[in-house]
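Open the model in your viewer and keep the selection tool handy. We will go stop by stop.

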Amino acid sequence: MNEEDLICIICPTSCTLRVCKELSGSLRVEGALCPKGVEYAIREVNDPRRVVISVVKVVGGDLPTVSVKTSKPVPKKCIPEIMKATASIELKAPVEIGQVVIRDICGVDVIATRRVKKVNSIYLFKL
Amino acid sequence: MLELNYDGIVIGAGPAGIAAAIRAKELGLKVVLIENRDLLGGIPLQCVHPGFGLHYFREDLTGTEFIYRLFDKMDKVGVEYLLKSHVHSIEFIAHNEKIVNVITPKGVLSLKAKTLIYTAGARERHMFEINIAGDRPAGIYTAGEAQILMDMYGIIPGKEIVIVGSGDIGLIMARRFALEGAKVKAVIELMYYPGGLIRNVVQCLQDYNIPLYLSHAVTRVVGKKRVEKVVVAKVDEKLRPIKETEFEIPCDTVVLAAGLIPNLDMLEKIGLLADPYTRGPIVNEFLETNIPGVFVAGNALVINDLVDYVVEQGELAAEGARYFLENDGIPTMDWKPVVKGRNIRFVVPHYVSGRRDVTFYARVQYPEKNVIVTIPEVGWRMKMFNVRPAEMVRVKLSKRLLDGASSAEKISIEVAPSE
Ligand SMILES: Cc1cc2nc3c(=O)[nH]c(=O)nc-3n(C[C@H](O)[C@H](O)[C@H](O)COP(=O)(O)OP(=O)(O)OC[C@H]3O[C@@H](n4cnc5c(N)ncnc54)[C@H](O)[C@@H]3O)c2cc1C
Ligand code: SF4
């Protein structure tokens with residue numbers, strides 16, 4: 001029987017969860033104060049996921065970057081692929097919050113989380 | 001149109017200031033919001049990670065998304081504001097008259113107001129405040145500076161990073177560096193427990209295999225032009241570095257995440273009384289300081305980990321300002337001091353009247369499991385599985401509960417072990 005200790009990251013209570021693999025193959029979770037923790041622990045063992053955040057270059061805007069996030073948590077092993085994709089693109093201002101920046105990567109979209117206004121003056125902070 | 005006389009001037013346009021200005025405007029006050037930078041928004045504008053607004057908007061937003069929601073609200077209400085306008089000093093003329101001197105692109109202005117809402121945030125602690133000796137080469141940043149460079153301007157300040165301090169800001173920056181392909185060699189923490197939330201230790205450090213050294217200190221930075229390495233040592237129970245345990249970590253960048261301190265210099269010059277534990281002002285339940293008509297909210301009041309509480313404080317300060325204007329001053333009341341009991345490091349506000357609802361914000365001194373937080377005078381108790389210095393304890397007491405303590409001389413808050 002396998003045992004693993006995890007800390008639930010769903011809410012700040014941060015319960016310590018013990019996940020035991022029964023001989024039958026099913027998982028048993030102890031220590032969760034609410035059902036969300038049980039759900040989290042099972043997913044964390046089988047298929048851990050995270051929301052990925054980054055910034056993407058923008059030209060012609062009031063800021064030279066826009067912040068982005070994945071529309072949903074993605075499998076942890078997809079993180080490098082997403083970071084590579086966000087590093088390799090460049091957007092033109094304006095950018096609106098919620099705008100899709102990369103469509104359908106690892107089963108999710110990458111969306112903008114900041115607004116970048118279009119400006120005509122040229123920003124001299126070279127990237 | 002910029003005028004010279006206001007009911008209220010709000011200083012600093014982070015979430016606290018924006019929330020205060022919106023609320024003040026909604027309550028019918030003639031108010032102006034003054035911001036130093038060329039952008040509104042304060043810290044959340046540079047926070048690209050989620051974890052904002054769970055209480056206030058009931059959604060998990062990034063700092064940027066959160067602040068744009070507030071901008072939209074501000075736009076609806078039509079708040080007047082100034083950008084690139086640095087409040088340089090404040091003069092106290094009378095209980096209902098203050099002068100705010102502002103350096104603006106159009107010259108120096110002196111604006112008059114009956115009340116001030118001070119929301120200028122906090123500053124980051126620097127190297128000389130945390131006893132790091134050695135060289136002062138390029139490559140030393142505070143976490144906030146590194147965050148602005150990376151997340152607003154797209155510049156990664158280094159390749160091999162050592163982070164000093166394991167508060168949430170340090171942990172979040174460790175993850176940002178790791179995501180952007182920099183190597184985070186270590187996070188060094190003086191205390192025996194992490195400064196930030198456990199969930200951030202998991203998501204920011206463990207996810208990226210970043211080592212966390214608890215009970216360690218950076219004693220020296222070494223480097224001629226650029227940082228070359230840091231010297232790290234274990235500390236004893238009195239937090240003094242143990243010489244024999246010293247070791248070196250090669251790196252090109254040191255990021256200081258050693259905590260925030262409320263930014264109050266301007267108010268201290270006109271006689272503000274501060275609490276040595278919060279490093280913020282001593283306030284009553286309206287968040288009014290000892291200077292009549294001067295209200296403080298957000299990180300200038302107390303270092304907050306949740307922006308939701310910051311917004312709540314901003315709104316409360318605006319309500320306080322309105323009450324002040326209606327009564328030509330906050331009426332004299334039978335103020336009860338709020339007293340810290342067992343395992344409470346600080347609590348805000350410091351005085352309450354017992355005649356209205358009050359929200360207390362407190363932090364514990366040390367982590368503890370299975371406890372009861374109590375306010376004995378009103379018979380209030382809350383069971384908690386964990387209390388940690390990193391997590392603010394927020395307690396809301398209704399007027400009705402407080403009525404039961406009308407004869408009490410004080411209100412005390414304490415953490416008791418649960419049986
Ligand atoms: C790295 C980091 C991560 C965080 N993560 C989270 C999180 O995940 N979730 C969450 O809820 N909260 C988080 N917070 C906390 C939250 O962002 C802060 O508590 C909040 O921004 C404080 O708001 P404020 O308005 O008091 O101060 P600030 O946001 O600092 O705003 C103060 C404003 O005042 C202006 N100002 C200062 N001096 C003057 C002057 N003399 N004249 C004119 N203007 C002036 C400044 O330019 C600034 O715009 C985080 C904070 C940091 C630093
Ligand atoms: S198990 Fe429930 S209560 Fe415990 S940390 Fe997870 S979400 Fe929070």
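The tour begins with ground rules, then visits ligand 1 and ends at chain A.

This is a predicted model: local features need pLDDT of at least 70, side-chain atom pairs count only at pLDDT 80 or more, and totals for chains, interfaces and linings use all residues. Residues are numbered from 1 along each chain as its sequence is written, chains are lettered from A and ligands numbered from 1 in the order in which they are written, and side-chain values use heavy atoms, with hydrogens and water left out.

**Stop 1: the shell.** Select ligand 1. It is surrounded by 33 residues, each with a heavy atom within 4 Å of it. Among the closest are B:E35, B:G51 and B:V307. The shell holds 16 nonpolar, 14 polar and 3 charged residues. Here Ala, Val, Leu, Ile, Met, Phe, Trp, Tyr, Cys and Pro are nonpolar, Asp, Glu, Lys and Arg are charged, and the others, Gly among them, are polar.

**Stop 2: the elements.** Color α1 (15-26), β3 (50-52), β6 (86-94) and α7 (307-327) of chain B; each supplies at least two shell residues. β3(B) gives the most, with 3 residues. Helices (H or I, at least four residues) and strands (E, at least two) are DSSP runs, numbered from the N terminus.

**Stop 3: the polar contacts.** These are pairs of N or O atoms within 3.5 Å. Select B:N299: a polar backbone atom there is 2.7 Å from an oxygen atom of ligand 1. At B:I43, the backbone-to-oxygen distance is 2.9 Å. At B:V87, a backbone N or O atom lies 3.0 Å from a ligand nitrogen atom.

**Stop 4: chain A.** Color by pLDDT, the predictor's confidence in each residue, from 0 to 100. The chain A mean is 88.

How values were computed: Polar contact = N/O pair within 3.5 Å; in protein donor to acceptor, adjacent residues only side chain to side chain.
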